[in-house]
Amino acid sequence: MRLLGELFGDTLRALDGDALFGLVEQVRALAKRAHAEGAGAFDALSDRLSDLPMASAVPIARAFAQFLTLANIAEQHHRVRRRRDYARDAAGRPQPGSCADAVGRLRAAGSSDAALVDAVCALRIELVLTAHPTEMVRRTLQQAHRRIADLLAVRDRADLTREESDAAVDDLRREIAIVWQTEPVREQAVSPLDEVRGGLAVFEQTLWDALPRYMRQVDRALGQMLPLDTAPLRFGTWIGGDRDGNPNVTPEVTRKAAWMARWTAAALYIRDIDALRAELSISEASAELRAAAGDTPEPYRAVLRDVAARLLVTRTYAAAEIERAGGGCDDRGVDAAKPFLAAADLAAPLLLCHRSLVATGNGLIAAGRLTDILRRVAAFGLTLAPLDIRQDAARHTEAIAWLARAWGLGSYDEASDETRVDILVREITTGTRTFADLPLDADTVPDAVRDVIDTFRIAASLPAESLGAYVITMASRPSDVLAVDLLQKLAANHRPQRVVPLFETGADLQHAGAVLDALFAVPSYRARIGGNQEVMIGYSDSAKDTGRFAAAWSLYRAQEEVVASCARNGVHLTLFHGRGGTVGRGGGPTHLAIQSQPPGSIAGRLRVTEQGEMIQAKFGLIDIAVRTMEVYTTATLEATLSPVPSPAPEWRATMERLAERARGSYRSLVYDTPEFLDYFHSATPEPELRGVRIGSRPARRGGGTDDVGGLRAIPWQFAWTQTRLLLPSWLGVEDALDPAGADDLAELKTMYEHWPFFRSTLDLIEMVIAKADVRIAAEYDRRLVPPALQPLGRSLRARLARATGAVLAITGHREPVEATPVLRRSIDVRNPYVDPINLIQIELLARMRRTPAQPELTRAFAVTVDGIAAGMRNTG
């Protein structure tokens, strides 16, 4: 971190002169004094920055933002260093959370080698990348940041010559200079297809290489090579398929996204197969391979030449599908002259080569590049990540209601849910209609209905492996699920997607088990799902609805109810966790989150979203990506083989009381206090964030009201993160946990010590409290909030102080995150660099609100948003 800071300082001097460098150093010194000395020094810092002209203030904000970004890169690189230190440990001590660590502990606890292998082979973990609008950093800059990280890795080489070391430092200087002179703010609005390209770049740059390395870690920990078709961890994506409240994601965008993924996969496989052909010049081969290769001295190359040729056709075919408008392809009747559309077709000749190598005594060669490619085929297929489609339940209801009127089936939208289910089941089981029977070219079809119908038609036209789940946002009743089943049938989809209800609000979570029971009672539905049900639970909207603390308990209970429903009905369950990056949206350390789930809720199956800036944080470097995949695998394996016990009944009763108090406290302020909305709009940059080009999705759902309920969870979190009050992640805790309450503090300490769920909930809230800064939040109030509303802000800061005291009383810590010194140090190092950016943002907001519609102020504001996000290590 020190090296990068010094090189950046040199860059400032060289490119902008001593004046800017001197000003930056002056502000930095004032910021450090402000943290060391308190109020007087903080006021001096604030006054100094408010006196600056914007022409000077904005470069200062950019400079501090760039340093924070460089600090993030250094921290990521240090994680890689630590991982390598563990790998070199002479005593053989594995890194906590690694495959070697988890397998060793499970063996010590009594799991046999055979049981461990069977459990790993049965794992079904899927990490689903989403394009939620929380990734501030341009892709151009992400690539430069990765080059800087690569150069830091070069400098760690023990055999580096002086010339090579100097060259690496010079390269770092160049990259830092390039980043400093690159416009940090996007010129154009982000389109959904831009987001698709960004998601695919993660596969190209890191995941493609990380996946086989991860699988080798698994094999090494187990002491044997797993079957070649084993893929304990796979990827999915919402990017280009998530149309919930985003009118920019059209049916055509979804179609193109699916083919863009196939084009990218084909290009990556072409590169691999070319390298493999160059290696396998061996003439010794099995009779089976020779029969396929024909009379040739290099049979492996002959077989692989055909594979390469077909991959080229696959890439060309995908490119043509991307360019043309509408429609899809028919993957039936594929033969060797056609593109690869099914992963099994690509795997077959590669497995043939593998069998031949093993049969001729060349197992060592088979275990190299060829095995890596086969591992990729098993995990990535031909699509890299199957595309989920997501839409709001209300949109399906609107479409079915229109169809019901067109076909004389009665008033669907006004019917009870029992009547709706009857209509849907009848049409699913005995109906013969399809969309082809509708006059869809007529002007009478509403645009919203046409969009839904076209989406299902496009889905039916795509190759089966291109698509994953169909996720229903705001699902609340059985008819929401059956409506999608009918729409897939009407689209003549012979390979329908699995349908996944997403329960999000507090009320919907409470009734999730009952909804499933009702669905499982429908014979045709039971027959269709084949004994498997996936259910998604939403962390973001539930937290916005009831507060993070109460939502955590609602989510826990909902999972218990869903697990119980599936168990009663003999259905295998996969829980899909819609977690965000911030604690307020379900974020937090992966291993802790998985270990704190209810007993029986994992059982070897898990889907989790990875959103926005967390994609770069977890998968931006190859070693970090390997570590992320390992932690997901080991946490899921341990939760499956060594599940935590159920909480004591008295703990559940206590948690119920705490959650109810937290819920009431949160809602009374956020939803029932008339002046809160005005305060929120004044004290945070939420109104201005709508104009920053972050993602393709609007901040509010279509038709959403101009209140907290109509606001999406991400901008809600984003706005409070920028002011560093972080209110959604802790509000309600102060009333739930205050030691002056009726609950016995000793019992809460016992729950914290022995119940992983309660411990993880408090640890995450404590982490948020450590990141919060009441001085910065108070400055937003002082400069931006009308005097009549400022008492509300003071009460919120007093609530935070009470929450801090209550949490520390239970954890036994003297200060937040005392038990995690690395995190404490990281926060302490960052804060003096984030503070000036906040103060400049406050000045910008004041000017923007006095004189709106000034593009230069909006661009400068976006720079501060980027810098604060870098300093807080997340956005929304």
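Strand 1 (124-130), strand 2 (233-237), helix 13 (363-380), strand 4 (467-473), strand 5 (498-503), helix 20 (523-529), strand 6 (532-538) and strand 8 (605-611) each contribute at least two residues to the lining of the second largest pocket, with helices (H or I, at least four residues) and strands (E, at least two) taken as DSSP runs numbered from the N terminus. The model is predicted, and local features need pLDDT of at least 70, side-chain atom pairs count only at pLDDT 80 or more, while totals for chains, interfaces and linings use all residues. Residues are numbered from 1 along each chain as its sequence is written, and side-chain values use heavy atoms, with hydrogens and water left out.

On a 1 Å grid over the protein atoms alone, a pocket is an open set of points where a 1.4 Å probe fits, with protein on both sides within 12 Å along at least five of seven lines, and lining residues have an atom within 4 Å of a point. The volume of the second largest pocket is about 950 Å³, a volume being the space filled by probe spheres set on the points, which are joined across faces, edges and corners. Its lining comprises 37 residues, of which E126, P386, L467, G468 and R498 lie nearest the centre, and helix 13 gives the largest share, four residues.

| Class in the lining (Ala, Val, Leu, Ile, Met, Phe, Trp, Tyr, Cys and Pro nonpolar; Asp, Glu, Lys and Arg charged; the others, Gly among them, polar) | Number |
|---|---|
| Nonpolar | 19 residues |
| Polar | eight residues |

V128 has T609 as its bridge partner in strand 8 and G236 in strand 2.

Notes: Two strands pair if DSSP finds at least two bridges between them.
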